[in-house]
Amino acid sequence: MSSLSDRQVAALRSVADALCPSLAAPPGSAAAVARFWTTSAGDLDALVAGLRDAIDRLDADERFEIRLLLAALSTAIGSALLVPGGGPCGVPFCDRNAEERERGLRCLATSRLAPRRKAFLALKRLVLGLALSYAEPEGKEEEEEAARGGEGGARRNPYWPGIGYPGPPPRSASPDPDEGAGPIGVEDAFLRISSDTTLEVDAVVVGSGAGGGAMAARLAKAGYEVLVLEKGRFFAPSRMSQIESEAIRDMYEKSGLLTTDDGAVSILAGATFGGGTAINWACCLDTPGYVRREWADAHGLSQFAGEEFDAALAAVAERIGASAEGVEHNRSNQILLRGCEALGYDVRVTPQNFRDTSAASAGWSCFGDRHSNKQGSACTFLADAAAAGASFVAECSVDRVTHARGVDGRRRATGVVGRVGAAGHALRVSARRGVVVACGSLHSPCLLLRSGLEHPHVGRHLALHPVTAACGRFAAPCPLWNGAPMTTVCGEAAMGPAGDGYGAKIEVPSVHPGLMAANGPWESGRRFKEVMEACARTAVFIVLQRDHGEGTVRLGPDGFSPKVRYRLDPRDAEAMDKGLKVALRIMAANGCEELWTVHNSPARLPLNGERCGDVSSTAADSKLEAFLKDLDSIPVRADNSCGIFSAHQMGSNRMGVDATTSVVDCDGEVWECDGLFVADASVFPTSSGSNPMMTTLAIAHMLGGRLAERWQAEDGKSAESDDAAAMRRERREAGRAALASARRRRIVAKVAFASAAVAAIAAVVAIAITIKRPKTA
């Protein structure tokens with residue numbers, strides 16, 4: 001049963017109706033387009049049921065906030081306080097007329113108060129994201145389609161036909177004759193945990209994404225017994241619907257509704273077997289050379305400048321089939337490529353790990369790869385691990401890493417404890433050799449914190465590659481969802497305003513109607529429907545910033561989920577402003593009908609197909625330059641006034657040579673605990689400045705090779721250099737000493753602060769007593 005009251009449901013329906021109302025269709029509209037215009041989201045019972053379910057699946061604190069917001073909108077007093085400019089003060093929002101409700105939402109969206117803007121974005125993301133992405137339950141739409149003489153069998157959303165969205169391609173669109181079959185050997189490697197269980201293995205790997213998969217493969221192929229634990233579910237290709245709402249619900253962190261604590265940055269992260277590699281956009285960019293030099297020079301990590309990391313990048317690229325040869329570009333990437341070439345901008349083809357970039361299914365691989373086209377971790381590294389004897393457990397929430405102190409006083413990881421499945425069966429795993437944490441940059445620090453680690457840098461230095469977007473509508477079809485999404489990259493703004501490598505890359509994202517509706521601008525119900533009706537003629541470029549700024553990851557109120565705090569650094573905001581202008585210039589150089597940004601009050605430029613950039617004196621160029629100058633008045637800011645997103649999370653357990661400022665050493669071993677390793681993007685010393693999959697794979701491959709060689713030397717199966725072993729022992733001893741010294745300094749500082757506070761309180765009390773003491777004659 002839903003946790004919402006009838007009045008809260010009424011408020012939810014009224015919000016849905018205001019965001020996506022029933023309006024008269026433009027004259028001459030086709031039947032499907034007319035239905036799109038005349039259908040109100042508030043009248044769709046299946047949508048409202050889905051919204052209630054989505055709210056019930058939120059964390060307790062987020063569910064409370066949404067319920068409180070809906071409760072306020074269902075009362076006269078709450079509506080007057082929340083949307084004072086939206087209508088009569090004595091009338092609840094849900095009882096106001098359509099014009100008043102729309103005006104009320106605009107008041108929220110453009111309010112000077114950030115909490116009101118946050119409330120608007122929360123409602124918009126929830127309602128519009130689901131309204132344009134869900135599919136009617138099986139049976140209803142199939143019956144209607146069959147009654148109209150159609151083939152039937154395809155689940156549809158009532159809005160899709162009117163915007164030209166076809167829904168997931170049929171399975172016959174696969175380039176692989178074995179479509180629907182799971183990765184070879186992987187399904188058989190899963191352990192079925194149906195009661196409280198204790199296991200013992202050589203190594204337990206927590207997380208099955210890029211880092212966990214590569215590490216598991218290296219250790220298993222070296223002959224070690226490996227168990228991989230994944231909190232998400234495993235979906236065989238034959239069980240993937242590729243319907244946007246269902247995939248995001250089942251395969252994304254917090255069902256795609258994760259944001260920073262202030263709601264300003266929307267965060268997308270994988271939460272399924274295979275991690276981010278199962279739902280990413282197949283862009284395989286190596287770590288930029290200037291980033292590698294920075295990590296080597298500024299952070300003392302020499303391996304990133306040498307042949308070892310070169311070899312790791314080459315090895316993982318070969319395994320996942322990453323190549324720029326024969327890449328076919330969809331319409332959006334053609335627009336990016338042509339625009340850059342016309343303007344003389346730096347642009348190149350990006351390597352892909354699709355088997356076939358021209359396949360219709362490539363555009364849907366962000367919802368799972370049911371056509372076996374993308375070579376993610378599940379069908380590469382995890383398949384290799386399974387072939388070498390590794391086992392897997394899905395739907396396993398690891399509560400903590402267990403550790404004990406040896407006779408030498410050192411803390412050493414001994415295993416993990418967790419819970420499996422909806423029944424919560426207890427699982428205790430003993431690890432004879434070590435524990436590898438590879439839960440990603442959001443959950444890895446949470447696991448370390450739950451495990452009692454006290455290093456002050458755990459969960460700090462989080463980088464997000466903040467993203468904003470430029471949009472352009474064209475006369476010709478430009479379906480956002482067709483073909484491989486990210487096959488080109490523009491580096492014109494990549495070095496940043498200061499030339500330090502902290503700038504923005506321009507890329508093409510994978511955009512489907514739900515994502516576009518949730519994260520695009522909303523000015524009114526009419527304007528929203530105009531934009532969505534034309535989405536099959538719209539190109540979107542993302543401005544992906546390598547961030548100076550840093551955030552933090554801490555445990556949420558439930559003690560398990562991540563709570564993310566991030567504030568956009570002014571230097572990054574400036575670089576994003578410049579990158580956004582580059583993206584808009586590229587779009588305009590292709591002769592689009594209109595440009596716009598994703599601010600709550602977006603900047604718009606009608607161009608009517610005029611091509612900018614060919615002749616500098618044209619009227620179109622003059623309009624474009626004036627438009628770009630006006631953008632300075634609405635800069636990119638992460639304050640709920642502009643759409644900011646993140647699909648890359650890095651650096652929250654950073655690697656370094658100084659034990660007091662980094663969480664892991666150059667081998668990925670946690671400074672505080674021997675035998676505990678981290679092998680995911682959280683060990684990046686800084687943001688990577690490029691899509692992080694290749695960097696993560698290469699780091700895990702490199703660290704896994706080092707660890708396997710070390711264990712084999714300890715087992716007497718291979719020879720390790722005495723110098724190398726001695727250097728590692730010396731490094732670890734020095735690190736422990738530095739941590740102990742830093743801990744003592746923190747204790748002394750805390751004692752001094754407490755003493756000063758006590759002294760100050762005592763002084764205030766003494767003064768108060770003196771003032772109140774009666775005067776003697």
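Which residue in E2 is the bridge partner of Val-204? The structure is a predicted model, in which local features need pLDDT of at least 70 and side-chain atom pairs count only at pLDDT 80 or more, whereas totals for chains, interfaces and linings use all residues. Residues are numbered from 1 along each chain as its sequence is written, and side-chain values use heavy atoms, with hydrogens and water left out.

The bridge partner of Val-204 in E2 is Leu-227. Strand E1 comprises residues 197-206 and runs parallel to strand E2 (residues 226-229), to which four bridges join it. Strands are DSSP runs of E with at least two residues, helices are runs of H or I with at least four, and both are numbered from the N terminus; two strands pair if DSSP finds at least two bridges between them. From E1 the chain passes through helix H10 (residues 210-221) to E2 in a right-handed β-α-β crossover; right-handed means that, with the strands pointing away from the viewer, the path from the first strand over the helix to the second runs clockwise.

Strand E1 is also joined by nine bridges to strand E8 (residues 425-437), again in parallel, and Val-206 has Val-437 as its bridge partner there. Seven of the 10 residues of E1 are buried (under 20% relative accessible area, with exposed over 50% and partly exposed in between; 1.4 Å probe, protein chains only).

Asn-691 is placed in the loop between strand E18 (676-678) and helix H21 (693-714). Asn-691 is buried because its relative accessible area is 8%. Beyond its neighbours within four places in sequence, Asn-691 is in contact (heavy atoms within 4.5 Å) with Cys-283, Leu-285, Met-486, Glu-507 and His-648.
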